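This briefing is meant for a reader meeting the structure for the first time.

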Amino acid sequence: MLVQLVYLLLKQAMKLIHPFASGIASVLMAVTTDKHPGVLVKAFLTMEYFGEIMGTNLKTVSRDLISMVLNSLCHSHCRVRIAAIRAIHRLVLCGAHESIYDLTAYCDPNIIPIGAFYHPTTKTQYLALLSLDRSVAVREEP
């Protein structure tokens, strides 16, 4: 699996990864489109570890990574949701604090897009969905 290879590279060569951060971020974004729960859990674990290694150097990419993880917060397997929560937690600390607006579906009342008058859009409040999750482990995840 490609995700396992990336994870092992991160583990073995932490200091040498910095020049290849954009390539690793691209691979992780592509892997999050997979539907297999095992691949998603490993991808989110890798994202979390990637965030630990890179720290605030991921500020420009962390918001894009979080936007790819958001759909997995509604996955049917609770272990995927837990891994997604942990990855989002780490990436928010890396500089993606504006993604909290996406998690809460916040919309500034003074800014209304013109297209909203003709084609209404819906936003998902992911944090509200997680607080009402059917799995106790997901609800208790810090």
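Helix 3 is made up of 18 residues and spans 25 Å from its first C-alpha to its last, which is close to the 26 Å expected at 1.5 Å a residue. The model described here is a predicted one.

**Helix 3 and its surroundings**

- Among the buried residues of helix 3 are Val39, Leu40, Ala43, Phe44, Met47, Phe50 and Met54.
- The buried residues of this helix pack against helix 1, helix 2, helix 4 and helix 5.
- Leaving aside residues up to four places away in sequence, Phe50 touches Leu10, Ile17, Ala21, Ile24, Ala25, Leu28 and Leu58.

**The largest nonpolar core**

- The largest nonpolar core holds 37 residues, of which Leu10, Phe44, Met47, Phe50 and Leu73 touch the most other members.
- At least two residues of this core come from each of helix 1 (2–12), helix 2 (21–31), helix 3 (37–54), helix 4 (59–69), helix 5 and helix 8, and helix 5 supplies the largest share, with eight residues.

**The largest pocket**

- The largest pocket contains about 220 Å³ of space, and among its 13 lining residues Ile85, Leu127, Leu130, Glu141 and Pro142 are the closest to its centre.
- Two or more lining residues come from each of helix 5 (78–93), helix 8 (126–131) and helix 9 (136–140), while helix 5 gives the most, with four residues.
- By residue type, the lining of the largest pocket divides into nine nonpolar, two polar and two charged residues.

Terms used: Residues are numbered from 1 along each chain as its sequence is written. This is a predicted model: local features need pLDDT of at least 70, side-chain atom pairs count only at pLDDT 80 or more; totals for chains, interfaces and linings use all residues. Side-chain values use heavy atoms; hydrogens and water are left out. On a 1 Å grid over the protein atoms alone, a cavity is a set of points where a 1.4 Å probe fits but cannot get out, and a pocket is an open set with protein on both sides within 12 Å along at least five of seven lines; lining residues have an atom within 4 Å of a point. Grid points are joined across faces, edges and corners, and a volume is the space filled by probe spheres set on the points. Ala, Val, Leu, Ile, Met, Phe, Trp, Tyr, Cys and Pro count as nonpolar, Asp, Glu, Lys and Arg as charged, and the others, Gly among them, as polar. A nonpolar core is a set of buried Ala, Val, Leu, Ile, Met, Phe, Trp, Tyr and Cys residues joined through side-chain atoms within 4.5 Å. Buried means under 20% relative accessible area, exposed over 50%, partly exposed in between (1.4 Å probe, protein chains only). Contact means heavy atoms within 4.5 Å. The expected span of a helix is 1.5 Å times one less than its number of residues.
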